[in-house]
Amino acid sequence: MFALRIIILITLIVPLNYDLCSCQCAHAEYEIHKQCCPMCAPGNRVHWHCTDDTSTTCVPCPSLTFIDEPNGLMECFPCTVCDASRGLRVNKVCTQSSDTVCGPLERFYCIEKKKGSCTLAVQHSECSPGQYIKQAGTGSTDTVCADCTGDTYSNGSFSSCLLHTKCEALGLTETNPGTHSSDTKCGNPSTAVAIIAPSVIVTLILILVIIVFIIKHIRKKKQSKSSGIQVCSTFYMKEKVKQSLFTMF
Ligand SMILES: *[C@@H]1O[C@H](CO)[C@@H](O)[C@H](O)[C@H]1NC(C)=O
């Protein structure tokens, strides 16, 4: 029984192997219908398989398709599309004999590759305020950020931390102390004038208003005095009229 099994196995495997193995065909040949046909060159596909009297008939791949190896294929492969939504752009356009090569978009870096072409890219990280760009991102690496230390600052987009401005050295006064993310703010004499000037103007206007008020008040007093004289005079006239009336009767 055991020997029979072995014989069955051998009779099954040997022809199967023989069939699977295209070793019977030469290196630049492919096997079809138990016959060896010459392969088509890269950039071409098989149009007609070879026969006993004719060689393989090959045709170039149509546009947007390719085959990058010697082959016995009836169809070309579609060219890869570099998808912007995956952070990709075309690095090398597709030809009949080579697929598109995709690369990361500007300010993106590749995190997935296949056969030397990028298949997924993500945006470089941005440094936070208080950090500087220690190493700018590349097509394959992310940005490297580092913290500002000591008397320096960066808004996150500087390639190094900058020293805080020294207001005193500029003959100015410090109005806001610097932080790791912002520079010192200095105030100069002209800003001092800008602060004082309005209050001076307000005071002047107030004084003017008071003066006008006083002048008006004085005028009113004068008027009431003169109208008092008028009253007196009318009274005086009435008395005179009375007197004259008396003298008439
Ligand atoms: C940082 O400062 C630079 C120059 O002052 C400016 O161009 C840039 O937009 C700033 N970046 C941020 C993130 O605020």
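**Salt bridges, surface and ligand**

Visitor: What does Asp151 count as at 41% relative accessibility?
Guide: The model here is a predicted one. Buried means under 20% relative accessible area and exposed means over 50%. The value for Asp151 is 41%, which is in between, so Asp151 counts as partly exposed.

Visitor: Which residue forms a salt bridge with Asp151?
Guide: The closest N and O atoms of the pair are 3.5 Å apart, and the partner of Asp151 is Lys166. Asp151 is in the loop between β12 (144-147) and β13 (152-153), while Lys166 is in the loop between β14 (162-163) and β15 (173-176), so the bridge ties together parts 15 residues apart in sequence.

Visitor: How many salt bridges does the structure hold?
Guide: The number of salt bridges is three.

Visitor: Glu106 or Arg89: which of the two is exposed, and which partly exposed?
Guide: Exposed means over 50% relative accessible area. Arg89 is at 38%, so Arg89 counts as partly exposed. The other residue has 58%, so the exposed one is Glu106.

Visitor: Which helix holds Ile210?
Guide: Ile210 belongs to a nonpolar surface patch with Val202, Leu206, Phe213, Ile214 and Ile218. Together these residues have about 600 Å² of accessible area. The relative accessible area of Ile210 is 44%, so Ile210 is partly exposed. Its helix, residues 189-248, is α2.

Visitor: What share of the ligand's own exposed area does the protein bury?
Guide: The residues around the ligand are Asn155, Ser157 and Phe158. A ligand oxygen is 2.3 Å from a side-chain N or O atom of Asn155, and a ligand nitrogen is 3.5 Å from a side-chain N or O atom of Ser157. Taken alone, the ligand exposes 360 Å², and the share buried by the protein is 27%.

Visitor: What percentage of the protein chain is made up of buried residues?
Guide: The chain has two helices and 16 strands. Its accessible surface comes to about 18800 Å². Out of 249 residues, the buried ones make up 18%.

Technical notes. Residues are numbered from 1 along each chain as its sequence is written. This is a predicted model: local features need pLDDT of at least 70, side-chain atom pairs count only at pLDDT 80 or more; totals for chains, interfaces and linings use all residues. Side-chain values use heavy atoms; hydrogens and water are left out. A residue is near a molecule or strand if one of its heavy atoms lies within 4 Å of it. A polar contact is a pair of N or O atoms within 3.5 Å; within protein, one must be able to donate a hydrogen and the other to accept it, and residues adjacent in sequence count only if both atoms are side-chain atoms. Accessible areas come from the Shrake-Rupley method with a 1.4 Å probe; for residues, only the protein chains shown count as cover. Patches are made of residues with over 30% relative accessible area and no salt bridge: like charges are joined within 9 Å, nonpolar side chains (Val, Leu, Ile, Met, Phe, Trp, Tyr) within 5 Å. A salt bridge is a side-chain nitrogen of Lys or Arg within 4 Å of a carboxyl oxygen of Asp or Glu. Helices (H or I, at least four residues) and strands (E, at least two) are DSSP runs, numbered from the N terminus. Buried means under 20% relative accessible area, exposed over 50%, partly exposed in between (1.4 Å probe, protein chains only).
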